[in-house]
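Please look through this briefing with the sequence and the model side by side.

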Amino acid sequence: MLNFKRVNISAVILLLSMVLYAVFLTVIPLYFYLIVFFAWLIITSIGSFNITWNYHVKAINFVQTETKQIAITFDDGPNIQYTQKVLGLLEEFNAKASFFCIGKQIEKYPELLREINEKGHVIGNHTFNHSNNWGFLSTKKIEKELLFTDRVIEKVINKKPRFFRPPFGVTNPSIAKALNKTKHRVLGWSIRSLDTVIEDENKVLKRILPKIKPGAIILLHDNQNNVVPVLEQLLIFLKNNNYNIVSLETLTNEKAYE
């Protein structure tokens, strides 16, 4: 499988071989070097924006299981308009989910985080600011964000989260270095709903339902207008197909808190 280290080593070896060939045999046109560079750039860019590649960090994106278990996850909350409605639906269908929460949202609505926890759902770290510049932050800044968000969560529920999901699923060497220090377990997804860019609930469901299989991890957002109708139809589908909807702690068999 491609990862940052292997791609870098392969690119360096190829470039050195080309240089040696040019020195001892014949000149290699400049555009061949550019082809290697742009190939490296394209692969690294795609890997940085696609958490399922495990390009920079090792994430859990899917769990091999013979039982009909599946995980539903929510990012970017807690949200005053939709989180309680989401919790109500989950309770109605006896489903447990996982919520990757933003620190500044927790500070606004600590009672919602407390309710998520009291209803038996898992809470994970999703940074404090969910910055649009997430992929450009320094290692020190990333580490500070993660640790501060841990403290914000722990202050409300008296538990320190182990699970972390990077904003936008973006990873890079700086993020990898920070995670090596904070020791968070990175959780990705196998089904990305794109509910933040697709408003039509039926179109969102068409992206999700055909990809459902045991061990899948579904990404939704509990701050979107479409989350309640999408979740309701998804829960009905899963119930009719005899799926157990469990938290990431149950699905991965890893501890969600320290």
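In this predicted model, strand β2, helix α3 (residues 83-92) and strand β3 make a right-handed β-α-β unit, where right-handed means that, with the strands pointing away from the viewer, the path from the first strand over the helix to the second runs clockwise. Helices (H or I, at least four residues) and strands (E, at least two) are DSSP runs, numbered from the N terminus. Because the model is predicted, local features need pLDDT of at least 70 and side-chain atom pairs count only at pLDDT 80 or more, while totals for chains, interfaces and linings use all residues. Residues are numbered from 1 along each chain as its sequence is written, and side-chain values use heavy atoms, with hydrogens and water left out.

**The strands around β3**

- Strand β2 (residues 69-77) and β3 run parallel and are joined by four bridges, and two strands count as paired if DSSP finds at least two bridges between them.
- Within this pairing, T73 has S98 of β3 as its bridge partner.
- On another pairing of β3, four bridges connect it in the parallel sense to strand β4 (residues 122-125), and here C101 stands opposite N125 of β4.
- In a regular strand the side chains alternate between the two faces of the sheet.
- Strand β3 (residues 98-101) is covered on both faces, since S98 and F100 on one side and F99 and C101 on the other are all buried, where buried means under 20% relative accessible area, exposed means over 50%, and partly exposed lies in between (1.4 Å probe, protein chains only).
- In β4, V122 and G124 point one way while I123 and N125 point the other way, and all of them are buried.

**The whole protein**

- The protein has ten helices and nine strands, and its C-alpha trace spans about 75 × 40 × 35 Å along the principal axes.
- Of its 258 residues, 48% count as buried.
- Among the contacts (heavy atoms within 4.5 Å) in the protein with a separation of 6 or more, 77% are between residues 24 or more positions apart.
- The protein exposes about 13400 Å², of which carbon and sulfur atoms supply 55%; accessible areas come from the Shrake-Rupley method with a 1.4 Å probe, and for residues only the protein chains shown count as cover.

**A nonpolar patch on the surface**

- L30, Y31, F32, L34, I35, F37, F38, L41, I42 and I46 form a nonpolar patch on the surface, with about 960 Å² of accessible area together.
- Patches are made of residues with over 30% relative accessible area and no salt bridge, in which like charges are joined within 9 Å and nonpolar side chains (Val, Leu, Ile, Met, Phe, Trp, Tyr) within 5 Å.
- L30, one of the patch residues, is found in helix α2 (residues 30-49) and is exposed, with a relative accessible area of 61%.

**Salt bridges**

- Side chains of opposite charge can pair when their charged atoms come close.
- The count comes to six salt bridges, a salt bridge being a side-chain nitrogen of Lys or Arg within 4 Å of a carboxyl oxygen of Asp or Glu.
- One of them joins K119 and E91, with the closest N and O atoms 3.2 Å apart.
- K119 lies in the loop between α5 (110-118) and β4 and E91 lies in helix α3, so this pair ties together parts that are 28 residues apart in sequence.
- K119 is partly exposed at 25% relative accessibility, whereas E91 is exposed at 54%.
- E254 and R162 also meet through their side chains in a salt bridge (3.9 Å, N to O).
- This pair links distant parts of the chain, with E254 in the segment after α10 and R162 in the loop between α6 and β5, 92 residues apart.
- Salt bridges that share partners join R162, R185 and E254 into one network.

**Backbone details**

- The peptide bond from G77 to P78 is cis, with omega near 0 degrees, and P78 is found in the loop between β2 and α3.
- N158, in the loop between α6 and β5, has a phi near 60 degrees, which is a positive value in a residue other than glycine.
- L194 likewise is not a glycine and has a positive phi of about 55 degrees, and this residue lies in the loop between β7 (191-192) and α8 (201-208).
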